[in-house]
Amino acid sequence: MSRWSIFVAAKMPDYVERDIAAAFDATFNTTGEKLTTDQVLKGLEGKDALFGNVGIKMDADFFARLPSSVKAVGTYSVGYDHVDLAAAKAKGMPVFNTPDVLTDTVAECAMLLTLSVARRITESVALMQNWKGWTPLQLNGMELVGKTMGIFGFGRVGRAIAERGRGFRMQIAYSDLNKLPPDLEQGAAYYPKPEDLMANCDVFILACNSTPETRGFLNRERLAKMKPTAIVVNIARGDIVNDDALIEALAQNRIMGAGLDVFNNEPNYDPRYRSLPNAFILPHIGSSTVEARRGMGRILIEGLLAAKDGKPARNRLA
Ligand code: DGY
C-alpha cells in the first residue's frame, strides 16, 4: 500500500521529524507557531492523517469538520482529555496516543517536584541572589525517608512514581477506583477514599487522568484534610486543581508546599503561583526528555502505520 500523507501540527525535535519522514509523506509545521483549529483543519486538507498534540482541542466540532481525506488522528501525548473519543468513535475515526514510553520520564519529574518542595528549592534559588552564608537555620526542609507518599491514580505513571518513592525509603499508599492486584500494588496501602489518603500522607501526588470526576478534585475541603507539613505534587493535569483553594492554602502555610508541572489554562497559568515561596513550578516539562520525545514519536508512527495497514495497535484509543 502506498505511503500515507500526514500533517504534523507542531514543530517536532529533528530526530522525531526524521522518523516521521521515514514513514510518511509529511507536511511539517516549520514555524514553531501554535496553530489554530482552522489552520490545523486547513493543513489536513487532502491528508490521510494528523500527527496532533495536546494543544489541539479535538472536540465534536473538530471531528465533524475533519476533511474527508483524513483516516486517522494521533496525539503526541499520553493524555487525551483534549480528545472527544465518543465523537471520534461515532465517526469511526481511529485515534492514537503515546502510552508507556514517557512513564519513567514523568515519574522522574514527579520526584524532581517532590524533592524541590521538600528541600525548599524556590527559596534556595532566590537566596543565591544575596546569600549571607551558611547558618543552621537556613531553609530547613523535610527528609523523605520514612514519610508516606500518597498517589492518587495508580496507573502506569503512578506505579512508576511509587517505585521511585520506595527507592527513597518512603511508605507507599494509593487511591484509585479499584484496589489493584498484589503484583501491581507491590505492598502499597490502598485507600478507597482519596480524602483518607490525603489525611494520612506526607506527599500527595496527583497522577490520575483528567475526567469529569477528577476535575476540580483538589478543592478547599479536601486540602483542609491534609497535614500542615504535607506537600502536593501535580504531574497530571491542571484542571484537577482548584487554583484559588491551593493558592490560599499555600499563602496561609496550611500545607508545606506544592510542586506543579501542569496548570489550568496553560500557558496563561495563575500568576499568583509565581510569588509563592513554597510553590515550585515548571512549564509542563513532565515528559520532556529526548528519550521520551523520541519514544512518543515512534509509538505514534507505529499506530498510524497500523491504521494505514488495517492492523491492531497497542496505542489505539478509539
Ligand atoms: C502528555 O503526554 O499527556 C503530556 O502531558 C504532554 O506531553
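Because the model is predicted, local features need a pLDDT of at least 70 and side-chain atom pairs count only at pLDDT 80 or more, whereas totals for chains, interfaces and linings use all residues. Residues are numbered from 1 along each chain as its sequence is written, and side-chain values use heavy atoms, with hydrogens and water left out.

A polar side-chain atom of His284 lies 2.6 Å from an oxygen atom of the ligand, a polar backbone atom of Val78 is 2.7 Å from a ligand oxygen, and for an N or O atom in the side chain of Ser287 the distance to an oxygen atom of the ligand is 2.8 Å. Of the 230 Å² of accessible area that the ligand has on its own, the protein covers 89%, with areas taken from the Shrake-Rupley method with a 1.4 Å probe and, for residues, with only the protein chains shown counting as cover.

The aromatic side chains come next. A pair of aromatic rings is described by the distance of the centres and the angle of the planes. The structure holds nine aromatic pairs, a pair being rings of Phe, Tyr and Trp (its six-membered ring) whose centres lie within 6.5 Å, with planes under 30 degrees apart counted as stacked, over 60 as edge-to-face and the rest as tilted. One of them joins Phe152 and Phe204, which are stacked at 6.2 Å centre to centre with 25 degrees between the planes. Phe152 lies in strand β6 (residues 148–152) and Phe204 in strand β9 (residues 203–206), so this pair ties together parts that are 52 residues apart in sequence; helices (H or I, at least four residues) and strands (E, at least two) are DSSP runs, numbered from the N terminus. Both Phe152, at a relative accessible area of 9%, and Phe204, at 0%, are buried, a term that stands for under 20% relative accessible area, with exposed over 50% and partly exposed in between (1.4 Å probe, protein chains only). Ring pairs also bring in Phe217, linking Phe152, Phe204 and Phe217 into a cluster. A further pair is formed by Phe263 and Tyr269, which is tilted because the ring centres are 4.9 Å apart and the planes stand at 40 degrees; Phe263 counts as buried at 10% relative accessibility, while Tyr269 is partly exposed at 22%.

Helix α11 (residues 243–251) has as its buried residues Asp243, Ala245, Leu246, Ile247, Ala249 and Leu250. These residues pack against α10 (220–223), β11 (257–260) and β12 (279–281). Leu250, with a relative accessible area of 1%, touches Ile255, Gly257, Ala258, Tyr273, Leu276, Asn278 and Ala279, not counting residues up to four places away in sequence, where contact means heavy atoms within 4.5 Å. Leu250 and Asn278 are 28 residues apart in sequence, yet their C-alpha atoms are 6.7 Å apart in space. At the start of α11, a side-chain oxygen of Asn242 reaches to within 3.1 Å of the backbone nitrogen of Asp244, and just after the helix Asn253 takes a positive phi of about 50 degrees.

Helix α1 (residues 14–23) contains Asp19, whose side chain is joined to that of Arg298 by a polar contact of 2.9 Å. Such a contact is a pair of N or O atoms within 3.5 Å; within protein, one must be able to donate a hydrogen and the other to accept it, and residues adjacent in sequence count only if both atoms are side-chain atoms. Leaving aside neighbours within four places in sequence, Asp19 is in contact with Arg294, Arg298 and Ile301. Glu17, also found in α1, is buried at 14% relative accessible area, and its side chain reaches the backbone nitrogen of Met12 at 3.5 Å. Phe24 lies in the loop between α1 and β2 (25–28) and is buried at 1%; beyond four places in sequence, its contacts include Trp4, Ile301 and Leu304.
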